[in-house]
Amino acid sequence: MAAREVALVPTFAVVEQLLHDTAGAGLTESTRDRVEGVREQMTTALAVAKHAGVRVGLGSDLIGPVQDRRGKELSLRAALETPMEAIVAATRTHAEILGLSGQVGVITPGAQADLTLWNGNPLEDPELFSDPNNAVLVIQAGQIVKDLR
């Protein structure tokens, strides 16, 4: 993957959601062990990919009524890496993967103005990402879309 510049975007939040609500996903309880095995293998794959120099982004495939749990992906990745590595993967690295380097994913003049302000320091408490109510200011394309300050 590294040699061919193929990126990896694991989605730990999907697996976590399946473990959280196995029945709600239409799976039997016996499936839980297999899902836990998948989570373990994904964790190993993340470490192997990073060691091999693969670009690893951060995204979530959560859809429907659990979309408000998409921030959990940042919390989960921060537990496997550092909180800063998870943030960089979600912003700068993911922008590079999408071919939008310098346009999004960075705070710099001329870049699209997307920014989130949290009610704490996510570098010290990455669980802040798990609850969308912790986002007190959200700016998208230069427009304030949420302001709880």
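How are H3 and H4 oriented to each other? The points below take up this question and then turn to other parts of the model.

1. Basis of the note. The structure is a predicted model, in which local features need pLDDT of at least 70 and side-chain atom pairs count only at pLDDT 80 or more, while totals for chains, interfaces and linings use all residues. Residues are numbered from 1 along each chain as its sequence is written, and side-chain values use heavy atoms, with hydrogens and water left out.

2. Helices (H or I, at least four residues) and strands (E, at least two) are DSSP runs, numbered from the N terminus. Two packed helices are described by the angle between their axes and the distance between the axes. The axes are lines fitted to C-alpha atoms, for helices over the stretch in contact, and angles run from 0 to 180 degrees between N-to-C directions. Helix H3 (residues 72-80) packs with H4 at an angle of about 135 degrees, and their axes are 7 Å apart. H3 and H4 are therefore oblique to each other; angles under 35 degrees count as roughly parallel, over 145 as roughly antiparallel, 65 to 115 as roughly perpendicular and the rest as oblique.

3. Residues between H3 and H4. Leu74, Arg77 and Ala78 of H3 meet Pro83, Ala86, Ile87, Ala89 and Ala90 of H4, where contact means heavy atoms within 4.5 Å. By class, this contact of H3 with H4 has 7 nonpolar, no polar and 1 charged residues. Ala, Val, Leu, Ile, Met, Phe, Trp, Tyr, Cys and Pro count as nonpolar, Asp, Glu, Lys and Arg as charged, and the others, Gly among them, as polar.

4. Helix H1 and its partners. In helix H1 (residues 12-20), the buried residues are Phe12, Ala13, Val15, Gln17 and Leu19; buried means under 20% relative accessible area, exposed over 50%, and partly exposed in between (1.4 Å probe, protein chains only). These buried residues of H1 pack against helix H2 (31-51) and H3.

5. H1 with H2. The axes of H1 and H2 come within 10 Å and cross at roughly 160 degrees. H1 and H2 are therefore roughly antiparallel to each other. The contact of H1 with H2 has 8 nonpolar, 1 polar and 4 charged residues.

6. H1 with H3. The axes of H1 and H3 come within 8 Å and cross at roughly 105 degrees, which makes H1 roughly perpendicular to H3. Phe12, Ala13 and Glu16 of H1 make this contact with Glu73, Leu76, Arg77 and Leu80 of H3.

7. The aromatic pair. The whole structure holds 1 aromatic pair. The ring centres of Trp118 and Phe129 are 4.9 Å apart and the planes stand at 90 degrees, so the pair is edge-to-face. Rings of Phe, Tyr and Trp (its six-membered ring) pair if their centres lie within 6.5 Å; planes under 30 degrees apart count as stacked, over 60 as edge-to-face and the rest as tilted. Trp118 is in strand E1 and Phe129 in the loop between E1 and strand E2 (135-140), 11 residues apart.

8. Phe129 and Ser75. Phe129 counts as buried, at 5% relative accessibility. Ser75, in helix H3, is also buried, with a relative accessible area of 3%. Leaving aside neighbours within four places in sequence, Ser75 is in contact with Pro126, Glu127, Phe129 and Ser130.

9. Ser101. This residue lies in the loop between helix H4 (83-97) and strand E1 (115-118). Ser101 is partly exposed, with a relative accessible area of 49%.
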